[in-house]
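Good morning, and thank you for the time on the agenda.

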Amino acid sequence: MYNPIYRFRLWYSRLSGDVAKLILVYSALILAQSLFGLASVVYRVSLKGVAPLTFLFFRQTISGPLMTGVAYGVERQIPKLQHAPTFALAGFCGIFLGQTFFLLGVFFSGAILASICQLIQAPLVASLAILFKMEKFSWLKMAGLVTGLAGAGVLILGGGFNIGFSGEGTKSLGIVILVAQNILSSFMIILQKQLSNDHGPMTTAALITFSSVPWTILTAAVFVSSKEWTVSPAAIGGIAYAVIVVGLIAGNLYGWAVKNTDSSIVGASVTLNPLVASIFAAIFLSETVGLKDLIGGALILTGFGITSFAKFRETKEDEKAKRRLDPEQADLIDEADKASTSSDLTDSSTSLEMNSMTSPRIELDD
């Protein structure tokens, strides 16, 4: 009898540790970006029944403690005191300001345009990673980024999503807000990469999110009026999606990928966001997708493929160099990498089980 799980394990066991982990990293990024893309559509619907800052308040005040509790239960790590300022900076810039600006961008510009604007992160993250000497410059990676951005340009200029500036002040304001959000989010990825060198991926993501909670509470206390605390049923569903799906699932997948691959690859994966958002918007919001949109999507996938191939080739070259130096030691490292990857996956499964046990007690969720 055909057993797909056995077949997968057999295939996986024949891969080297580096290649096997790379495949899992890309799988995690694709799934995370798909969930993020769907979030643009969910938030667009949710914000019709709740004020943006109210939505953010419930999302962050639930996500922060919940993610921190799950992360500690799985990884059992206490953060190092010297990294507290970095966690605080990442939480303030990337989560508090980043999420506030993203929700405002969705509110003013719509789900599709907000997702397309996330493409700014790809060249920003790659440039910052090279600037801070976190990774080497690669023409092939740059070619992939340019191709992906070209696809985004086709989506924007093709007119399939009815994006314009003339006479649409709120949409233009949304774009300005989204540009600022992408700069902050790109900076957070770099900080998250540095923090993940000394902490587990779940701990890193959770503490960054938790660091944003005090700022969120303060902002809500100052700017949210008593009339704006009303939350519609649709908004409750959106908050739940943000806490459970975006925070616990996509956030931890994304954090694990950040820890285990180059920052530029993480940035390049953002090019999948508008493609996924356009598909879900066409299904749930009845937005049309034309030929130019399909061409743009094909370019985005091609660009991500080129960037992925560049990383795959780089990984294989590093592996060959490692084996030339010490073949026996290389085999031991491969086994250790596989054991580490399996442990990470087991931890992720454990977090999902814990999430399923705790989520029924929480009605308002990310």
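A helix here is a DSSP run of H or I with at least four residues, and the helices are numbered from the N terminus. Please keep in mind throughout that this is a predicted model.

With that convention, let me place a residue. Arg76 sits in the loop between helix H3, residues 52-75, and helix H4, residues 84-109. Its phi is positive, near 55 degrees, in a residue other than glycine. Is Arg76 buried or exposed? Arg76 counts as exposed, at 57% relative accessibility.

I turn now to the chain as a whole. The protein chain contains 15 helices and zero strands. It has 366 residues, and 51% of them count as buried. Among contacts with a separation of 6 or more, 90% are between residues 24 or more positions apart.

In general, side chains of opposite charge can pair when their charged atoms come close. How many salt bridges does a search of the whole structure find? The search finds one. The partners are the side chains of Lys80 and Asp198, at 3.9 Å from N to O. This pair links distant parts of the chain, 118 residues apart: Lys80 belongs to the loop between H3 and H4, and Asp198 to the loop between helix H8, residues 169-195, and H9. Lys80 counts as partly exposed, since its relative accessibility is 39%. Asp198 is likewise partly exposed, at 37%.

Next, helix H8 itself. Ser185 is located in this helix. Ser185 is buried because its relative accessible area is 10%, and the limit for buried is under 20%. What does Ser185 touch, once residues up to four places away in sequence are set aside? The answer is Gly94 and Gln121. Gly94 and Ser185 are 91 residues apart in sequence, yet their C-alpha atoms are 4.7 Å apart in space.

Gln121 leads us to helix H6, which covers residues 121-131. The buried residues of H6 are Gln121, Ala122, Val125, Ala126 and Ala129. Seen down the helix axis, these buried residues fall within an arc of 125 degrees, so they line one face of H6. After the helix comes Lys133, with a positive phi near 60 degrees.

Helix H9, residues 201-211, includes Ser211. The Ser211 side chain reaches the backbone oxygen of Leu207 at 2.7 Å. Leaving out neighbours within four places in sequence, Ser211 is in contact with Phe87, Ala88 and Gly91.

My last item is on the surface. Which residues form a nonpolar patch there? They are Trp215, Leu218, Val222 and Phe223, and together they have about 450 Å² of accessible area. Phe223 lies in helix H10, residues 213-223. Phe223 counts as exposed because its relative accessible area is 58%, and the limit for exposed is over 50%.

To close, I would return to two points. The one salt bridge found in the whole structure joins Lys80 to Asp198. Ser185, by contrast, is a buried residue in contact with Gly94 and Gln121. Thank you; I am glad to take questions.

Key: Residues numbered from 1 in each chain as written. Predicted model: local features only at pLDDT ≥ 70, side-chain atom pairs only at ≥ 80, totals over all residues. Heavy atoms only, no water. Helix = DSSP H or I, 4+ residues; strand = E, 2+ residues; numbered from the N terminus. Buried < 20%, exposed > 50% of the residue type's maximum accessible area, 1.4 Å probe, protein only. Contact = heavy atoms within 4.5 Å. Arc of directions from axis to C-beta. Patch = residues over 30% accessible without salt bridge, like charges linked within 9 Å, V, L, I, M, F, W, Y side chains within 5 Å. Areas by Shrake-Rupley, 256 points an atom, 1.4 Å probe, with all protein chains shown as cover. Salt bridge = Lys/Arg side-chain N within 4 Å of Asp/Glu carboxyl O. Polar contact = N/O pair within 3.5 Å; in protein donor to acceptor, adjacent residues only side chain to side chain.
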